[in-house]
Amino acid sequence: MAAAGNKGKRLSKYVDNYVVFDLETTGISSVKDDIIEISALKVKNHERVETFSRLVNPGRPIPPGATKVNGITDEMVQNEPGLVHILPEFLNFIGGEILIGHNIQSFDLLFLNRVAGEVCGTAVLNDFIDTLYMARACLPGLSHYRLTDLAEYFKISSEGAHRALNDCVMNQICYEHMGKLLKDVDIPVCPRCGGELTKRNGKFGPFYGCSNYPVCRYTKNIVV
Ligand SMILES: [Zn+2]
């Protein structure tokens, strides 16, 4: 699957500078649900240098099922601003940096792009690294790939998991561990965009194609 619905390219590499981000939401539908917390960490040369973390008033009651996961209640958000105020600050914070998060290709980035369109009339074009894909490649033996599973593997405290900033910190440490493992695993990487090459079947047999197709159309023959 290419980065369907996303505007930037999914990369698979260990970078020095990036922004880790995470959202807490009222539910799992990136079409219907709302953001209630948005956090991010800016990292320069592998060190955390700046934090962004805001609760967001969704303008509707938070379903009990969501509160059960993240612990965020109606009372906690009632005096907070809405996304109209917070989203522009957030977009300003992330700038053009590479975004990193867990399962962001299928979740957080879809949310973010929907609300960026609704609230600001813009799109999030940043390239991104999804640590879920990275973990599957770097740690092939795990039975589950939730962020807490990675934290357990790397012996990082997962206390306070499912609050956005705690998840960012946890994931930043996981990314740094996995980045160092990345050079030992054999993921074919697109020389043109830094995405992953995946095996496909064409008219003339199997070949490697960039997973960011159609944004990137790089292909390579498989030598047998
Ligand atoms: Zn490519």
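Which residue in β3 is the bridge partner of Glu-37? In this predicted model, the bridge partner of Glu-37 in β3 is Leu-55.

## Domains

The domain assignment of the protein gives two stretches: domain 1 covers 18-182, and domain 2 covers 189-224. Taken over C-alpha atoms, the centres of domain 1 and domain 2 are separated by 29 Å.

## The five-stranded sheet

An open sheet is formed by 5 strands, in the order β3-β2-β1-β4-β5, and its pairing is mixed. The edge positions are held by β3 and β5 (128-130); each has a single partner strand, so one side of each is left without a neighbour in the sheet. On average, and with direction ignored, neighbouring strands of this sheet are turned by 20° against each other.

Strand β2 (residues 35-44) pairs with strand β3 (residues 47-55) in the antiparallel sense, over 8 bridges. A hairpin is formed by β2 and β3, with 2 residues between them. In its turn, Asn-45 has a positive phi of about 50°.

Strand β1 (residues 18-25) runs antiparallel to β2, and 8 bridges join the two. Tyr-18 has Val-43 as its bridge partner in β2.

## Lys-42 in β2

Lys-42 lies in strand β2. Its relative accessibility is 14%; buried means under 20%, and Lys-42 therefore counts as buried. Leaving aside residues up to four places away in sequence, Lys-42 touches Tyr-18, Val-19, Glu-47, Arg-48, Val-49, Glu-50 and Phe-93. Among these contacts of Lys-42 is Tyr-18, the residue whose bridge partner in β2 is Val-43.

## Helices across the sheet

Helix α5 (residues 131-138) lies across β4 (99-101) and β5, and runs at about 50° to β5. Helix α7 lies across β1, β2, β3, β4 and β5, and its angle to β1 is about 140°.

Gly-179 has its place in helix α7. With a relative accessible area of 5%, Gly-179 is buried. Apart from residues up to four places away in sequence, Gly-179 touches Tyr-14 and Met-134. The C-alpha atoms of Gly-179 and Asp-16 are separated by 9.9 Å, while the two residues are 163 residues apart along the chain.

## The three-stranded sheet

A further open sheet is made of 3 strands in the order β6-β7-β8, with antiparallel pairing. β6 (197-202) and β8 (219-221) stand at the edges with a single partner strand each, so one side of each is left without a neighbour in the sheet. From one strand to the next, the twist averages 35°.

β6 and β7 run antiparallel and are joined by 6 bridges. They form a hairpin with 2 residues between them. Asn-201 has Pro-206 as its bridge partner in β7. On the other pairing, strand β7 (residues 205-210) is joined to β8 by 3 bridges, and these strands also run antiparallel. Gly-209 stands opposite Thr-219 in β8.

## The zinc site

Which protein atoms are the donors of the zinc ion? They are the SG atoms of Cys-190, Cys-193, Cys-210 and Cys-216, lying 2.3 to 2.4 Å from the zinc ion. The 4 donor atoms subtend angles of 99 to 115° around the zinc ion, which makes the arrangement tetrahedral. The spacing of the donor residues in sequence is C-x2-C-x16-C-x5-C.

Note on methods: Residues are numbered from 1 along each chain as its sequence is written. This is a predicted model: local features need pLDDT of at least 70, side-chain atom pairs count only at pLDDT 80 or more; totals for chains, interfaces and linings use all residues. Side-chain values use heavy atoms; hydrogens and water are left out. Two strands pair if DSSP finds at least two bridges between them. Helices (H or I, at least four residues) and strands (E, at least two) are DSSP runs, numbered from the N terminus. Axes are lines fitted to C-alpha atoms, for helices over the stretch in contact, and angles run from 0 to 180 degrees between N-to-C directions. Domain bounds come from an automatic or database domain assignment. Donors are N, O and S atoms within 2.8 Å of the metal (3.2 Å for Na, K and Ca); water is not among the atoms, so sites may look incomplete. Four donors count as tetrahedral if all angles lie between 85 and 135 degrees; four count as square planar and six as octahedral if opposite donors are over 155 degrees apart and all others between 65 and 115; anything else is irregular. Buried means under 20% relative accessible area, exposed over 50%, partly exposed in between (1.4 Å probe, protein chains only). Contact means heavy atoms within 4.5 Å.
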